[in-house]
Amino acid sequence: MNLVEWLQRIMVGFGAAWVMWLMIVLSVVSVAIILERAWFFWSLRDDLAVLARDLRTSLDDSIEAARRRMDASPSAEAAVVSAGLAVAHQGPDAAEEAMAGAAALQRMKLERRLAYLGTLGNNAPFIGLFGTVIGVVGAFDALGQAAKTPVAQAASQSMAPQAVMSSIAEALVATAVGLAVAIPAVAANNFFQRMIKSTLANTEALTRVLLAHLKIDPAFAGAAPAAPEPRGKAARAPRQDESKKSSAGEEER
């Protein structure tokens with residue numbers, strides 16, 4: 001028995017049913033991920049126009065007011081801006097770096113499990129095609145078995161054996177199952193990827209609002225670090241007093 005015959009017997013023996021069961025299991029996992037991601041994006045929804053307006057208004061008041069407004073929002077955009085507000089007293093460069101790191105973390109959360117949908121959408125048709133090939137192999141095997149005897153050969157010339165038709169139908173069903181699994185996965189993945197791009201674009205817009213305020217108004221960046229300046233003045237004052245005393249002593253002498 002050569003390798004081709006051995007593989008043919010394995011394919012015919014198992015059939016294409018296991019491929020369809022595999023596709024059904026993968027489809028159930030895909031639907032679960034789609035529902036979980038849909039709920040996750042729904043939980044992050046917020047009115048971004050109102051959020052941007054409130055951010056500008058609160059920044060005109062104070063950083064604390066802006067931080068309270070961002071903490072009240074469930075959106076990913078607000079979480080990124082909150083990271084910048086936490087270090088806003090250190091200057092716009094520190095705020096920009098903090099928001100860049102927070103945006104990377106938020107992107108990882110948004111893209112979680114979407115690789116499965118993309119992989120399944122790209123490969124489900126090929127898995128279905130594999131089932132189709134198995135069905136076609138089974139059909140030709142049944143046709144070859146039917147042609148071994150003269151009576152069966154005469155019957156096969158008038159119409160195809162029932163086994164051949166069943167194998168061909170099984171092959172077509174495997175193709176249909178592969179497409180049925182791939183299409184929702186691809187559609188959901190494209191939809192979620194579009195939402196991620198929109199979220200990141202809104203995040204970029206809000207971070208620019210904060211950075212503009214930090215660069216225009218130096219009071220934001222200098223509020224916290226301004227404390228050490230009196231220490232320098234206080235430290236210089238005794239030295240000036242000592243120099244005055246020393247000069248006065250020299251004059252008395």
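Is the crossing of α4 and α5 left-handed or right-handed? The points below take this up first. The model is predicted.

1. The crossing of α4 and α5 is left-handed. On the α4 side, the contact is made by I63, A66, R67, M70 and D71. On the α5 side, A78, V81, S82, L85 and A86 take part. By class, these residues divide into seven nonpolar, one polar and two charged.

2. Now the geometry of this pair. Helix α4 spans residues 63-71 and helix α5 spans residues 76-86. Their axes come within 9 Å and cross at roughly 155°. Angles over 145 degrees count as roughly antiparallel, so α4 and α5 are roughly antiparallel to each other.

3. Helix α5 also packs with helix α6, residues 92-110. Here the axes are 7 Å apart and the angle is about 150°. α5 and α6 are therefore roughly antiparallel to each other. The crossing of α5 and α6 is right-handed.

4. Which residues meet in the α5 and α6 contact? From α5 come A76, A79, V80, V81, A83 and G84. From α6 come A95, A98, M99, A102, A103 and Q106.

5. T207 deserves a separate look. T207 lies in helix α9, residues 162-216. Its relative accessibility is 8%. Buried means under 20%, so T207 counts as buried. Leaving aside neighbours within four places in sequence, T207 is in contact with V80, V81 and M99. V80 and V81 of α5 and M99 of α6 are also listed in the contact of point 4.

Technical notes. Residues numbered from 1 in each chain as written. Predicted model: local features only at pLDDT ≥ 70, side-chain atom pairs only at ≥ 80, totals over all residues. Heavy atoms only, no water. Axes fitted to C-alpha atoms, helices over the stretch in contact; angles between N-to-C directions. Helix = DSSP H or I, 4+ residues; strand = E, 2+ residues; numbered from the N terminus. Parallel < 35°, antiparallel > 145°, perpendicular 65-115°, else oblique. Left-handed = near helix turned anticlockwise from the far one by under 90°. Contact = heavy atoms within 4.5 Å. Nonpolar A, V, L, I, M, F, W, Y, C, P; charged D, E, K, R; others polar. Buried < 20%, exposed > 50% of the residue type's maximum accessible area, 1.4 Å probe, protein only.
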